[in-house]
Amino acid sequence: MLRFIIRRLLQAVPTLLVLSILVFAWLRLLPGGPAGALLGDKATPQKLADLNHLLGLDQPIFIQYFKFLGRVVTGNFGSSLISGDSVLAEVGRSFPATIELSFFALVLAIAFGIPLGYVAARFHGRLLDNATVLTTLIGVAVPVFFFGVLLKYVFAQKLGILPPSGRQDVTIDATHITGFFTLDGLLTGEFDAFWDAVKHLILPAIALASIPFAVIVRITRASVLDVQQEDFVRTAESKGLTTPVIRRRHILRNALLPVSTTIGLQTGLLLAGAVLTEKVFNIPGLGYLLAQGIERRDYPRLQGLLLLAALVYVLVNLLVDISYAIIDPRVRVR
C-alpha cells in the first residue's frame, strides 16, 4: 500500500506543474493585467510601463514563471490588492469556513445518497424508485444559489427556525481555537456555541449538498443495478449465502467503486459550489474571497486561491485512489 501511495504522489507532481502553468498563463492573459489592476483609474501608458518594470512583468514570460514558481514553493503567494494582507494569511482565515461547510455538505450527500440509491435499486421500477429518480433530476436541475435563497425564505424568513446567514450569532461570546466553529465549541466545552454553529451550517450545507446528493444517488442506483446482474452474485446465491451477506459483501462493496470516484469528483466541485453558497449565506470563506477577487481583479488572491483549489482537487483524487485500493486490492498491483 505504501508503494502505491508513493507512486500516486509522484504522479501528482506533473499534474500540479501543468495546473500552475495554466493558472499563471490565464491570469497574464486577462485584460488590464496586474499593473492595470493596481493602478486602476490612475493608469497611464507611462505608469503602466514603470510598474510593469518594477514588478518584473516586462521580463520574458518563462523567467516570470520560474520566479513565480519559486515563490509558490516557498509559500509566498504575494499580497492581496484589496486588503494588503498576504494571500496565505487570507486563506488561513477563510479556509476553515469553507472546509467546515464542504465537510458537512459532503457528509449529508453521502449519508443520505448512498442508502437512498441502494434502496431505489432494490425496488427498481416501483414507486420509490421512480420518486427517487424524479427527486435527483430536480436536485441536478435546480441551481445552488436559487435553492439556497428558497431555503432562506422558507426556514429563516417564514418559519424563523434557522438563522439566515453567517457562521455564528454575534451575541455569542465563543472561544475560537482552530477556526472551525463546531470543533471549537466541542474542544472548549461551549456547547451553546457548538449548537449555534451547527444551526448556521444546516441551510448552506443542504443547499451545497443538493447536487452531490443527486449525483451520488443516481450513480449508486445504477452501479447496484449493474452489480446485481453479475455472475459472481448468482454464484454466491447458488452457494447458499444469506441475502444480507450477498448484499453487503458482494453487491454493495463492488458497487462502491464507481461511487467513490463520484464522491471524489463532487468533493472538488464543492469548492465551485461554495462560491455561490457563501455569497448567498454571507459566509466569509474561500468562495467569498474568490468572488471578491474576481470582482476587484485581485490577481495575487486569484492566483493563490486557484492553486489551492487545484492542490485540494489533486489530494482528493489521491484519497479516491487509496479508497479504491482498500475496496478492491487488485487496484494496488495495476
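**Entry 1**

I began with Asn282, which counts as partly exposed because its relative accessibility is 43%; buried means under 20% relative accessible area, exposed over 50%, and partly exposed in between, with a 1.4 Å probe and protein chains only. I noted that the model is predicted, that local features need pLDDT of at least 70 and side-chain atom pairs pLDDT 80 or more, while totals for chains, interfaces and linings use all residues. Residues are numbered from 1 along each chain as its sequence is written, and side-chain values use heavy atoms, with hydrogens and water left out.

I located Asn282 in the loop between α11 (243–280) and α12 (286–296). Helices here are DSSP runs of H or I with at least four residues, numbered from the N terminus. Asn282 is not a glycine, yet its phi is positive, near 55 degrees. Within α12, I listed Leu286, Gly287, Leu289, Leu290, Ala291 and Gly293 as buried.

**Entry 1: α7 against α9**

I recalled that two packed helices are described by the angle between their axes and the distance between the axes. I then looked up helix α7 (residues 144–158) and helix α9 (residues 191–228), whose axes come within 9 Å and cross at roughly 145 degrees. Axes are lines fitted to C-alpha atoms, for helices over the stretch in contact, and angles run from 0 to 180 degrees between N-to-C directions. The α7 and α9 crossing is right-handed, that is, the near helix is turned clockwise from the far one by less than a right angle.

Which residues of α7 and α9 make the contact? On the α7 side I recorded Val144, Phe147, Gly148, Leu151, Lys152, Phe155 and Ala156, and on the α9 side Leu203, Ile206, Ala207, Leu208, Ser210 and Ile211. Contact means heavy atoms within 4.5 Å. Sorted by class, this contact has 10 nonpolar, two polar and one charged residues. Ala, Val, Leu, Ile, Met, Phe, Trp, Tyr, Cys and Pro count as nonpolar, Asp, Glu, Lys and Arg as charged, and the others, Gly among them, as polar.

**Entry 2: The course of α9**

I checked the span of α9: it has 38 residues, but its end C-alpha atoms are only 45 Å apart, short of the 56 Å that a straight helix would reach at 1.5 Å a residue. The expected span is 1.5 Å times one less than the number of residues. Where does a kink lie in α9? I found one of about 45 degrees at Ser210, shortly before the proline Pro212. The bend at a residue is the angle between axes fitted to the seven residues ending there and the seven starting there.

Ser223 also lies in α9, and it counts as buried because its relative accessibility is 7%. Leaving aside neighbours within four places in sequence, Ser223 is in contact with Ala255 and Pro258.

I found Val233 in helix α10 (residues 231–238). Is Val233 buried or exposed? Val233 is buried, with a relative accessible area of 2%. Beyond neighbours within four places in sequence, Val233 is in contact with Val227, Gln228, Ile246 and Ile251.

Tyr313 is in helix α13 (residues 299–327) and, at 31% relative accessibility, counts as partly exposed. I noted that Tyr313 touches Leu265, Gly268 and Leu269, not counting residues up to four places away in sequence. Tyr313 and Val233 are 80 residues apart in sequence and 35 Å apart in space, C-alpha to C-alpha.

Definitions and conventions
Helix = DSSP H or I, 4+ residues; strand = E, 2+ residues; numbered from the N terminus.
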